[in-house]
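Thanks for coming, everyone. Please take a moment with the sequence and the model before I start.

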Amino acid sequence: MTRSDAIVRRQLLKAGLIVAGMPFCPEALFDRRATADDEKPAGDTPIGPREIVKGLDGMSRVAETGNTFGLGHNAAAVISSAFFCREQKLDADTQKEILAFLDARLLKNPIYAAGRPKEAADPKLTEGLLEDLDAGIATLRGKGHNIIFAVTCLKALRAVPEAVTPERVDGLRKMVRSFGKTRGGAEEDPEPQLVGLDDEQKFIHFIFEEFLKAAGDGFDGHVLTIGHALVELHRMGHKELARKGVPAYWEWCRGSRAGADEGRGEVPPAPPRASTPLGREYWASQVKHRIGEIVSSHRVKYPYSFYALAKDVKDEDLKKRILAKVYRLTATN
């Protein structure tokens, strides 16, 4: 083993490597690496604005294919990979492995065959995207992906403002509208209210408590991704719009507690030396698996939302409990 390999191995252990018979080091996953969302790593990185724009271009074509749900997963994962790498400050070697995974599983899709034409950027165009999201946010459509995809694109356009061009945004708006609108007026929810976005930290703790209660069939991962999308929308300053989507999220959480798969999604405990998505070894192994586009997208999107939210967990007991479920999150989709 080289000295650099030894260093990487120690970092993986500190970052939450699950080792049979050894105690967790939960504080390691909540260190400086995940505390500065908006800081960009110094120098060029393998994954960055190029993947954001490529993902936006792909997402702007999904509606015209008639497969918004399936192909939207692909594009959302490509965009999310850039935010995941930046926010978790992943090293270049790990990013190269993630890029290899994207190339092998997602970027060969025809939605990336060509970029959008160069046009003058206009930041006001995002207002139309927000209007389209507002029209349907009170209902979870496509298992909440009407919210997930739209918010992913809004965050991407903020990160790369030169990408806010007419043809690209027009395609993104078609994507959001393809999910449909919320019909009729708001109905009174007969169920008791759960935790809302008035206190963001409490809401994040609520997301993770619901993540722990969720019983498979994709519920556990989507409890994170939908909740994360609402938090991101709230942080962008669209607070009322985010709150408008919270009751629909509560409905998803209630359903997730039962688990539609009745336990079929159960997986065994993590094997010894099970690496996490924060390390190169994890991604080097993922590229070897023959899995479909939606499952491949979850390999990126689930960890992205998990670690993005995890940095704001203050409860030490909750930290330990969510870390114990990292393996399940990445082993099942």
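A search of the whole structure turns up three cavities of 30 Å³ or more. Keep in mind that this is a predicted model. How do we look for such spaces? Rolling a probe the size of a water molecule over the atoms shows where empty space is left.

Let's take the largest cavity. Its volume is about 120 Å³. The lining has 13 residues. Nearest the centre of the largest cavity are Ile 148, Thr 152, His 228, Tyr 304 and Ser 305.

Which helices supply at least two residues each of that lining? There are H4 (68–87), H7 (145–159), H10 (219–235) and H13 (293–310). By class, the lining of the largest cavity has five nonpolar residues, five polar and three charged.

Stay with H10, and bring in H9. The axes of H9 and H10 come within 8 Å, crossing at roughly 170 degrees. An angle over 145 degrees counts as roughly antiparallel, so that is how H9 runs relative to H10.

Now the residues that meet. On the H9 side we have Glu 200, Phe 203, Ile 204, Ile 207, Phe 208, Glu 210 and Phe 211. On the H10 side the list includes Asp 220, Val 223, Leu 224, His 228 and Arg 235. The H9 contact with H10 has nine nonpolar, three polar and four charged residues. His 228 is in that contact, and His 228 also lies among the residues nearest the centre of the largest cavity.

On to the loops. Lys 181 sits in the loop between H8 (166–177) and H9 (200–213). Is Lys 181 buried or exposed? Lys 181 has a relative accessible area of 58%. Exposed means over 50%, so Lys 181 is exposed. Take Gly 136: it is 45 residues from Lys 181 in sequence, but 4.2 Å away in space, C-alpha to C-alpha.

Most residues other than glycine have a negative phi. Lys 89 has a positive phi, near 50 degrees. Lys 89 is in the loop between H4 and H5 (92–105). At 23% relative accessibility, Lys 89 is partly exposed.

Lys 143 has a positive phi too, near 55 degrees. Lys 143 is found in the loop between H6 (126–136) and H7. With a relative accessible area of 47%, Lys 143 is partly exposed.

How values were computed. Residues are numbered from 1 along each chain as its sequence is written. This is a predicted model: local features need pLDDT of at least 70, side-chain atom pairs count only at pLDDT 80 or more; totals for chains, interfaces and linings use all residues. Side-chain values use heavy atoms; hydrogens and water are left out. On a 1 Å grid over the protein atoms alone, a cavity is a set of points where a 1.4 Å probe fits but cannot get out, and a pocket is an open set with protein on both sides within 12 Å along at least five of seven lines; lining residues have an atom within 4 Å of a point. Grid points are joined across faces, edges and corners, and a volume is the space filled by probe spheres set on the points. Helices (H or I, at least four residues) and strands (E, at least two) are DSSP runs, numbered from the N terminus. Ala, Val, Leu, Ile, Met, Phe, Trp, Tyr, Cys and Pro count as nonpolar, Asp, Glu, Lys and Arg as charged, and the others, Gly among them, as polar. Buried means under 20% relative accessible area, exposed over 50%, partly exposed in between (1.4 Å probe, protein chains only). Axes are lines fitted to C-alpha atoms, for helices over the stretch in contact, and angles run from 0 to 180 degrees between N-to-C directions. Angles under 35 degrees count as roughly parallel, over 145 as roughly antiparallel, 65 to 115 as roughly perpendicular and the rest as oblique. Contact means heavy atoms within 4.5 Å.
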